[in-house]
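Hello,

Here is the structure you asked to look through. Please open it next to this email and follow along.

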Amino acid sequence: MTETTRDFIRQIIHDDLLSGKHEQIVTRFPPEPNGYLHVGHVMSICLNFGVGQETNGKTFLRFDDTNPGKEREEYVRAIERDVHWLGFDWGDRLTHASDYFDRLYESAEKLIENGVAYVDDLSADEIRAHRGTLTEPGTNSPYRERSVDENMNMFRRMRAGEFADGTHLLRAKIDMASPNMNLRDPALYRIRHIDHQRTGDKWCIYPMYDFAHTLSDAFEGTTHSLCTLEFEDHRPLYEWFLDQLQPENRPRQIEFSRLNLAYTITSKRQLNNLIEKSVVTGWDDPRMPTIAGMRRRGYSAAALREFVKRGGVTKKDKLIEMGVLENCVREQLGDSAERRMAVLRPLKVVLTNYPEGQVEMMAGHNHPNRPELGTREVPFSRELWIEQDDFLEEAPRKFFRLKPGGEVRLRSGYIIRCDDVIKNDAGEVVELHCSYDPDTRSGTGSSDRKVKGTIHWVSAAHSVPAKVRLYDRLFTIPDPTTADDVMDVLNPESLQTVQAMLEPSLKNLADGEAVQFERLGYFCTDSEEHTSEAPVFNRIVTLRDSWAKLERQAMQQS
RNA sequence: UGGGGCGUAGCCAAGUGGUAAGGCAUCGGGUUUUGAUCCCGUGUAUCGCAGGUUCGAAUCCUGCCGCCCCAGCCA
């Protein structure tokens, strides 16, 4: 039972090491720099780099930059930052597919020499028409039987820039009748008169993914090329390239299922769409399932790694519940985050029997389960803010908070009783008049009196106003991809901004430090917009809330 | 209707012929100056369905059903 169970990929790798097939494992994470990395990538990163670490092997961070025009330097930098932040180090193994353009070109010529690649003059539309369908075989291109010399000549002229985009295409000569569409003479090189972000104007022909990827793996000495399930159909092509070119190193491709998170999307196209339609503010919007977004939201790298670990590595399609991720985030923060008090939706409380002008410094414990974290001073005075939700004029039976005539403990303070409810002309509660019991000061021997509820508070005169953003899931259904248009299932309440009141110690919070606002959740300052003059906090995740659950159940029953 | 892959509890997931681990969620209960944390307890999973082989099948065989992926000069 204590025997560690390995996922099927690690098992294969383990066996290859034991059998002596490989002495050292080499993996790689090969993103295309055409967008930001998201949760799905986290899994691939953790798998590839994780295997590298566990086996004392090597892992490359390789940018798959074979499609100039769609790829940008901004994305390259963002990807590097994200992988690094997640806790992984590629050392000197940072590469680009474009590093191999020369070798790739040579390999293409070799295929032509071997008579297994040809230049096609058909247009894109004609090629599509010749490809056949899923159930019908394709037909050969009339240019398929060109001589090696003619192909070589044409290919060199392609490279020399003699032809316009789309007029010619280098194709592998495999089998137009193959039931596997990827083997119906797939494209190898296309003409694209466009500068490449790294090679400038050196090339006007660019290799396709399958060709560039397979050979890049081989060139770098990859032993296990781990990718997602949709590439399973490409494996025969991957093998074909290796068979034809016989590189010194022969990598093995193994596929696993992607990680899908409920209530989110992970398609770069759709994510980009959210940005363009201003549904979110950018790739790093705290609601985005991107690494940058989750980091800004306040999720830790450790929580993300743990999340991926719990998901496992298999070949089964998965849609993991949000709760699993949130739980990893909470678990990590529960231990580390210090406690503070803040009131999100303030309701004024006046302690009528508390001396006017008096201020007491109460000792707030920084962490209930870690006394070594000490205490901080929290000012207490006659006028306080409490949470609107913590008062109910007509409270249900198990409402352990404030109600007319009722008592609650103010956390780290005194027990108070609600004597009067002040309302405005509209009948809304605007203020509470309460009295405090001087014998119940927190931490003193005479504070033994018990009341059912404890609520948080902030001294009005000492409070620090702050903008606090409350985030929720971006979509209203577990699998937004099943909607006709994801715009139809957006959660209108994915972001609520409130003007909150914070306890004064929060003014000195270090950048990036997460704290728990007691009874509310975990929060951190926003890395982009927060200043000490105008504080902006993000809610990382709420606390578990069994009261909210009870309410929900009560609602459903009535 | 061609090819490839996958089907074990609400969500993940072990298990590879000997009678179904674990995590999360759920539901009880205890502790608690956070309705948090923590602790204890809690699951009739017809192992997609139907046959077959076997003393014995989630595991082997046959047939069926369901879901996902593939017809970019994207990756």
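**The largest cavity**

The lining of the largest cavity is made up of Tyr209, Asp210, His213, Thr214, Phe231, His234, Leu237, Tyr238, Phe241 and Gln253. Keep in mind that this is a predicted model. The volume of this cavity is about 50 Å³. A search of the whole structure turns up three cavities of 30 Å³ or more.

Which helices each supply at least two residues of this lining? They are helix H7 (209–219) and helix H8 (235–245). H7 gives the most, with four residues. Sorted by class, the lining has five nonpolar, four polar and one charged residues. Why use a probe for such a search? Rolling a probe the size of a water molecule over the atoms shows where empty space is left.

**Helix H8**

Stay with H8 for a moment. Its buried residues are Leu237, Tyr238, Trp240, Phe241, Leu242 and Leu245. What covers the buried residues of H8? The cover includes helix H4 (101–113), strand E5 (169–172), strand E6 (187–191), H7, E8 and strand E9 (252–256). After H8 comes Gln246, which has a positive phi near 45°.

**Domains**

Now step back to the whole of chain A. The domain assignment gives domain 1 (25–256), domain 2 (268–338 + 466–557) and domain 3 (347–456). Note that domain 2 is listed with two segments, 268–338 and 466–557. Taken over C-alpha atoms, the centres of domain 1 and domain 3 are 65 Å apart.

**The second largest pocket**

Next, the second largest pocket. Its volume is about 1200 Å³. It has 44 lining residues, and His41, Glu230, Phe231, Arg258 and Lys268 lie nearest its centre. Strand E1 (26–29), H2, H7, strand E8 (224–228), strand E10 (259–261) and helix H9 (268–276) give two or more residues each to this lining. H9 has the largest share, four residues.

By class, the pocket lining has 15 nonpolar, 17 polar and 12 charged residues. Which domains does the lining draw on? Domain 1 (25–256) and domain 2 (268–338 + 466–557) each supply at least three residues.

In soluble globular proteins, nonpolar side chains tend to be buried together. Here is what that looks like in this model. The largest nonpolar core has 50 residues, and Ile45, Val83, Phe307 and Ile540 touch the most other members. H2 gives the most to this core, with eight residues. Where does the core lie? It lies between domain 1 (25–256) and domain 2 (268–338 + 466–557), because both give residues to it.

Take Val83 as an example. Beyond its neighbours within four places in sequence, Val83 is in contact with Phe29, Leu37, Ile45, Phe49, Leu61, Phe88 and Trp90. There is also a second, separate core of 32 residues, which includes Met154, Leu188, Ile191 and Ala212.

**Single residues to look up**

Start with Ser44. It is found in helix H2 (residues 39–54). Is Ser44 buried or exposed? Its relative accessibility is 11%, so Ser44 counts as buried. Leaving out neighbours within four places in sequence, Ser44 is in contact with Phe29 and Phe256.

Leu319 is found in strand E11 (residues 318–320). Leu319 is partly exposed, because its relative accessible area is 42%. Its contacts, neighbours within four places in sequence aside, are Asn260, Leu261, Ala262, Pro478 and Asp479. Leu319 and Asp217 are 102 residues apart along the chain, and their C-alpha atoms are separated by 30 Å.

Last, look at two residues with positive phi. Tyr263 is not a glycine, yet its phi is positive, near 65°. Tyr263 lies in the loop between E10 and H9. With a relative accessible area of 19%, Tyr263 is buried; the cut-off for buried is under 20%.

Arg519 is not a glycine either, and its positive phi is about 70°. Arg519 is found in the loop between strand E25 (515–517) and strand E26 (521–525). Arg519 is partly exposed, with a relative accessible area of 35%.

Best wishes

Technical notes:
Residues numbered from 1 in each chain as written. Chains lettered and ligands numbered in written order. Predicted model: local features only at pLDDT ≥ 70, side-chain atom pairs only at ≥ 80, totals over all residues. Heavy atoms only, no water. 1 Å grid on protein atoms, 1.4 Å probe; cavity = no way out; pocket = protein on both sides within 12 Å on 5 of 7 lines; lining within 4 Å. Points joined across faces, edges and corners; volume = space filled by probe spheres on them. Nonpolar A, V, L, I, M, F, W, Y, C, P; charged D, E, K, R; others polar. Buried < 20%, exposed > 50% of the residue type's maximum accessible area, 1.4 Å probe, protein only. Contact = heavy atoms within 4.5 Å. Domains from an automatic or database assignment. Core = buried A, V, L, I, M, F, W, Y, C linked by side-chain atoms within 4.5 Å.
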